[in-house]
Each structure stands twice: as structure tokens, then as C-alpha cells.
Protein chains: 2
Amino acid sequence: MTVNRDACLGLDDQDPLKGFKDEFVLPHGVIYLVGNSLGALPRRTPERVARAVSEEWGRELVGGWNSAGWYAQPLTTGDRLAPLIGAGAGQVVVGNTTSITVFQAVSAALRLRPGRRVIVGDVTNFPTDNYMLEGLVKALGGDYEIRDFAEPLGDDVAVVLLSEVNYRTGARYDVPAVTARVQAAGALMVWDVCHSAGAMQVDVSMADFAIGCTYKYLNGGPGAPAFLYVNPRHQADAENVLSGWYAHAEPFAFEAGFRPADGIRRFTVSTPHVLSFAALEAALDMWERVDMAEVRAKSVALTSLFIDLVEAGTDLELASPRDPERRGSQVCFTHPDGYPVMRALIDRGVHGDFRAPDILRFGFAPLYIGYADVYDAARTLIEVLGKELWRDEKYAQRLAVT
Amino acid sequence: MTVNRDACLGLDDQDPLKGFKDEFVLPHGVIYLVGNSLGALPRRTPERVARAVSEEWGRELVGGWNSAGWYAQPLTTGDRLAPLIGAGAGQVVVGNTTSITVFQAVSAALRLRPGRRVIVGDVTNFPTDNYMLEGLVKALGGDYEIRDFAEPLGDDVAVVLLSEVNYRTGARYDVPAVTARVQAAGALMVWDVCHSAGAMQVDVSMADFAIGCTYKYLNGGPGAPAFLYVNPRHQADAENVLSGWYAHAEPFAFEAGFRPADGIRRFTVSTPHVLSFAALEAALDMWERVDMAEVRAKSVALTSLFIDLVEAGTDLELASPRDPERRGSQVCFTHPDGYPVMRALIDRGVHGDFRAPDILRFGFAPLYIGYADVYDAARTLIEVLGKELWRDEKYAQRLAVT
């Protein structure tokens, strides 16, 4: 071990973000290292959601569309979220799911590059991104081709869709360099920032489009709405093929034909999921007080510490980049029996997750994970492996039914 | 007046649905006739949503995907909703918005009729349905054409999209007759049941696809998830071009390529909006105890009574069908100054809504609107018009800024 627990407690004491842990509800005895999958519950969220249900809906009824601001939610929430991803006001809409926003962004990009018929994905993208590309190509009628980012970028490439941080390994692309290369090839760049938003200073401002979810590091709750960034240089020309009534220039005129709204509103689709928005709004109330540079600095420190501690006590193989600059806020190790290892860890209160075939994945949400948590998690992992506790019959049984 | 208030109180007393009014939270002094736009809050919903937030999310965290049933929500909620629209288990998925489901259903229908290039809409559809058709045609590249249902059904028609009940006037199509005519022409029938589900015995079983929302008569809450019915005869062949990870045969295998799930799951898209689902689930707990034949009988009685009372006391022109068989659960009258008339009504506690240019719209949700409510609403409307209370300067001012 390179540091002891007291040293970690000292780091927690000096942590400029230490006050935020109290803003979350976390189960007793759990070190929750899955905030990269579903972020923890902010303490003020239940009251905010209850208000949306009982006051906005219950008392205002249909009047809530105006009095409670539901009508404007996709845009007002987008404006509040924008600073967290390096965007400005009028550049982000919130709503629907990440998958739907992939379809919107990539189909819009294709229409902005009409002569080009290649969409570049990435075999390491979260699968739904690639699946949505397949569905889009199917919808468009087969003239389009999907290629992998590992292949050369020809002048037939219309759009490239990549995840800033890889969902399995936590590997992070060099966003400015990749964006510049893609755009130099005449293609448009769509960044998926699902695994970076809320964990670092995301900067979408070079991108043509960006998409992401709000239920991981941003703590918007299970199935919280997604977001879509459209660079201002495209807002006059980009088209939203999912052109629902919210995207209309005058939604309440109920005109027979579609006329797109000016600006970012044209990238909304339809009625927002108001109760899910309420939870996201509570999270944003908190995020407005967070310095993202402090979040990133702590994220780098936590992930580096975890790697140091685990490597000092085990012979696990690191599956994440060692260079913190090339890493998101998660650390992965491989183990051939990763599933029962993770079950044994969870049984001891250390919650990570397992990704087939052999990835042990640990996410570090800097607002509610501290240095002593990292120490305790590493020590538990070392104990589970050193004493071969995962060979316990009950974990083997669970493995058999997975 | 054809009946007096005491007679209406007598009808309320004999109403087999009278117990349901207590299952809703309704503001004191309001007769809420906008349940056709946003249904009222069921009394048990706040507790159910609070549980989803604080227990399912707060305590179970990412484990909620299994322990709280989030993973299966689009299908389990679909199965619970199915009986309300005449569908069976494994035929309905819940999620996304009505607009997104229009895109899914119509694009799937087109792929099932590859030689045909015409989509038939209806100028009286809720505009978002038509807007989504426009966006779909744009996405597909212009080979397709949108035609109106008033035109003859040629053998080039692939799919027809109609609303069972018209959102403005409440006019109701003869679903079996229209479906038979469309299918006899070799086209597929997509029914939008947004304005009929929860107000009558909807029967989608003849349809090829059906879509609808759950926040009107079904009381799922603002922005509650939509639903999509796919007739079993199409489930093996129909394709979902919004093919997100939920639609994959093995969502957690994280395979590189898309393989559609068997059955209705292939029409899901991605992560459900869990908190919005919780509110819908609370509403379905109530709906499982409702006899829809009783709902429809009461709906016909309420709307007929309202027409009788208003026509006996005013010279307003009815904009809804007089035949209850051809009418949904709403009644519309036209008035050239409809906006200030409605403002004056709302000021007196009678909440309807106004649809440009001249429609006064009143929806009657049979679970929480009674006969005496109808009497009081009609009397208030008669008073507002008879005493020309809507000419009050404050309403005129509001009209000027609309």
C-alpha cells in the first residue's frame, strides 16, 4: 500500500468538495462505485419531485404547462445544463433518450453533408449508439454505409459518432484532436458525452452535435431525460426529422403543416416527461454550485489512488488507461472470474459492476466518493482476491445462472 | 333546462362509478373539464412516485434495474395497459412519446408494404401526428407522398394514420368500418387512440398498429410515457428503425451488432423514464378496478346532458357530433369570442379550454366528473353568456395579448 487510511482521511478533510457528500442519500454501509451507471439520489430530489406531483400537477392541473414552466422545460433545462458541457444558452435541448438523440443528431448531420454516404461509428461505442446507426441506415434505405473509426477517414464520410469516454474501459478520446481531424476531412463530429458529463470539464463547443444522458454522473435519476447540443453554426440549416409539435414555430397554433422553430427549439420533439424533468432539475440545483475543475482534479486523484492501491495488493490487470489524461472517472480491471469476484465485493458493501466477459468496473463520482472510500474499496477487493473469497459456492452458483 | 340540479344529484347517487371521485385529488371549487388534455392526479400517485424516488432509486440504486423491475417496465406496464385498449399480453410496449411512436409505427408499416409509397394522414389529426409524417418522409428521402384521408384510397397507399377521436371536435371514427376499408385496399391501419383510451372501450385488435398517450383520460401525469400496440400478425416481420439497446435480443450482452428481440420487445427503444413510469403505474392500479363499459355509458350520459343543458339555455352552435356513438368524451361549441368566454368560465371555476379560432372545448372524465358537475358547468356557461360577463374588460385585455 502506498498510503494508509489515515492519510486518506486527511485528504478527505482537505477536499474542497467534501461538503457535497451530505447532499446525497446513500445507503448505510455501501461504497457506491456505480455512479457512472446510475448516479446517487440527491437529498433534495424527493421534495422537488413531490412538488411536481402534488402541487404542479395536482393543483395546477393543465395550467402547469404555463404556471409551472413545463412548456419551456426542454429549453430552460437545456440552458441550465449547458455550462456543464461547455455550451451556451440556446444550444442545448433536454428530452427523450440518448438513443433518440443519436438518431436526431446523425440524421441531421447526414442532411448537412448530402454528397457523403458514410457514417463512422466505433466498435467501442456504447452499443445503443451503434444500434441506432444501424436503424437509421435501414430507415434511409440502404444507400448509406457504417464504417469503424479505426479505418481511414475518406472524403465519403459524412459524420463520425464517438463516445468521449468508453463505457467499458473508461478510455478517453482526445476530443480537440479527434474533432479537428474529423472536421479537416470534411465530416461532422457528433460526441457522445454520457460517460464524461458531470465527471470532468466537457467541452462540446468544437463539436457539430453532442448528445448525452443525465442519469450517470449528473444524478438526474433512473431514465432521466437526455440532452442534445447543436452547434450554433448549424442551427439555421440543421433539420430534425423527428419533427414533433414541440419543434414547430408555433406549437399552439395547431397548423396543418410543419414549420420548424428558429433556434434550438426545432430539435425538441414533443411533450416533455415532466416528472422525470423535476428530478433532473433538483440535481441541477446542486450542480450549479459545483466547480467542475475541482471535480476533475478529484476524479483523477481518486482513480489514480485506486489503481495504485489495487496494483500494490493484487496482480489484477488494469483495463483502463494509466495516463489520467486519457481516462474518464472509472477504473477497470480484468479477471477471468469477474462475475463472482464482483458478487463477493457487493456482498461486502463495495458496489461496482461487471461487464462481460471479464471486466470489473468501478466508477468514482467525486461529489460523494472520498479518498477513504477508495481505500476501503481497494482493501476489500484485495481481501476478496487474496483470500479467494469469491470462490465461495454461493457466488459460483450465481455465476451459473447469469 | 331539461333537468334540475336535484335530479343530477340523484343520478350521481346511483352512479356505479361514484366511488372513484374520491380516488383523485382535485382543487376545491374547480370543475375540471380538461381531463381530455391532462388527467387529474390520482390520490395514491404521490406515494407511489415517492417510493420510486426514495426507495427504488435512493436505496436500491443501480440494483433497481432488477429489484424494482425497471428493466422490464416497458413490457410489464404494456401488459397492464393492454386490456384498456382491447389488446392482449405481449402486444403493447410503453415508453417515449406519442410522436416517437408515430414514427415507429408508420415507418414499420411502410417497410411491410414496400411497393407502396403513399402515407395517408388526416387534416384533423392532432398536428404532431402529421408533423411526424412529414419528418419521416423527409428522412426517407422524398420518394414518399402524404395524402389526406378525404381522397380515394388507391392501391399505392401503404398506411393510413387516423385518430379515433378528433382532438378538437371530439368526432369519433367508426373504427371497425374504417379499418376494414383500409385493409381491403391493401393498406395497413394505424390508430391514434390518445383521445379515446380511458374514455371508452377502445379495441385496437383489428388495427395493424396503434399508438396513444397515457396522460389524458388515463391519468398517468404530465408527459407520461406513450404506448405502442403491434398486432401479433406483424410481430415477426415488423421492424423498428429506432432500434436502441432495449430492442436487442440480448440487451446486456452488449453485442457490436443489432439483433432484434423476438416479440413486442423489439419495439422498445431504450432506457425507460422510470419516475414517469411510476406515476403511470399508480394510475393503472386504479384502472384495473374500472369497468370500461360503465365509463363509456357514463361518458355518453354526461356529454349528452351537457349538450341538452347548454342548448336549452344558449344559442351556442355545437361543434361535436350529436350522435353519441360518433362522439368521444368531449363536447365543443363554437363562439366567435371563445377565448374571453373561456377565461370568464375559468374565473368562475369551470375549467375547459379554448382551441383557435373559436372552439370552446369541454372534456368529461367519467371517473371524477359527476352529473351535478355537468349541471353546474352548464349553468355557469349560460350565466357567462347570458349576462355577457365575458365582455368584462379584463378578459378583453387578456384576449388582446394572446
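**Domain arrangement, sheets and chain contacts**

In this predicted model, the centres of domain 1 of chain A and domain 2 of chain A, taken over C-alpha atoms, are separated by 30 Å. The domain assignment of chain A places residues 5-43 + 291-401 in domain 1 and residues 71-287 in domain 2. Across the boundary between them, 26 residues of domain 1 of chain A are in contact with 21 residues of domain 2 of chain A. On the side of domain 1 of chain A that touches domain 2 of chain A, the elements that give two or more residues are α9 (292-313) and β12 (330-334) of chain A, and the largest share, five residues, comes from α9(A). By class, the residues on this side of domain 1 of chain A divide into twelve nonpolar, nine polar and five charged.

The strand β12(A) also belongs to an open sheet of four strands, which in chain A follow the order β11-β12-β15-β14 with antiparallel pairing. The edges of this sheet are formed by β11 (317-318) and β14 of chain A, each of which pairs on one side only. Within the sheet, β12(A) pairs with strand β15 (residues 359-363) of chain A in the antiparallel sense over five bridges, and Cys332(A) stands opposite Arg361(A) in β15(A). The helix α9(A) lies across β11, β12 and β15 of chain A and runs at about 25° to β12(A).

In chain B, the packing of helix α9 (residues 292-313) against helix α11 (residues 371-386) was examined, and the two helices of chain B were found to pack at an angle of about 25°, with their axes 9 Å apart. Because angles under 35 degrees count as roughly parallel, α9(B) is roughly parallel to α11(B). The crossing of α9(B) and α11(B) is right-handed. From α9(B), the contact is made by Leu302(B), Leu305(B), Phe306(B), Leu309(B), Val310(B) and Gly313(B), and from α11(B) by Tyr371(B), Val374(B), Tyr375(B), Ala378(B), Leu381(B) and Ile382(B). The residues of this contact of α9(B) with α11(B) divide into eleven nonpolar, one polar and no charged.

A further open sheet in chain B is built from seven strands, in the order β4-β10-β9-β8-β7-β5-β6, and the pairing in it is mixed. Its edge strands are β4 (92-94) and β6 (145-148) of chain B, each pairing on one side only, and neighbouring strands of the sheet are turned by 20° against each other on average, direction ignored. Helix α4 (residues 73-81) of chain B lies across β4 and β10 of chain B and runs at about 120° to β4(B), whereas helix α5 (residues 98-112) of chain B lies across β5 (118-121), β7 (157-163), β8 (188-192), β9 (209-212) and β10 of chain B, running at about 170° to β9(B).

Between the two chains, 66 residues of chain A are in contact with 66 residues of chain B. The elements that give two or more residues to the side of chain A that touches chain B are α2 (45-57), α5 (98-112), α6 (127-140), α8 (274-287) and β14 (353-355) of chain A, and α6(A) gives the most, with ten residues. This side of chain A has 36 nonpolar, 23 polar and seven charged residues.

Two of the helices that contribute to this side of chain A, α5(A) and α6(A), also pack against each other at an angle of about 50°, with their axes 9 Å apart. The helices α5(A) and α6(A) are therefore oblique to each other, and their crossing is right-handed. In this contact, Thr98(A), Ser99(A), Val102(A), Phe103(A), Val106(A) and Ser107(A) in α5(A) meet Thr128(A), Asp129(A), Met132(A), Leu133(A) and Leu136(A) in α6(A). The residues of the contact of α5(A) with α6(A) divide into six nonpolar, four polar and one charged.

Definitions and conventions
Residues numbered from 1 in each chain as written. Chains lettered and ligands numbered in written order. Predicted model: local features only at pLDDT ≥ 70, side-chain atom pairs only at ≥ 80, totals over all residues. Axes fitted to C-alpha atoms, helices over the stretch in contact; angles between N-to-C directions. Parallel < 35°, antiparallel > 145°, perpendicular 65-115°, else oblique. Left-handed = near helix turned anticlockwise from the far one by under 90°. Contact = placed C-beta atoms within 7 Å. Nonpolar A, V, L, I, M, F, W, Y, C, P; charged D, E, K, R; others polar. Pairing = 2+ DSSP bridges. Domains from an automatic or database assignment.
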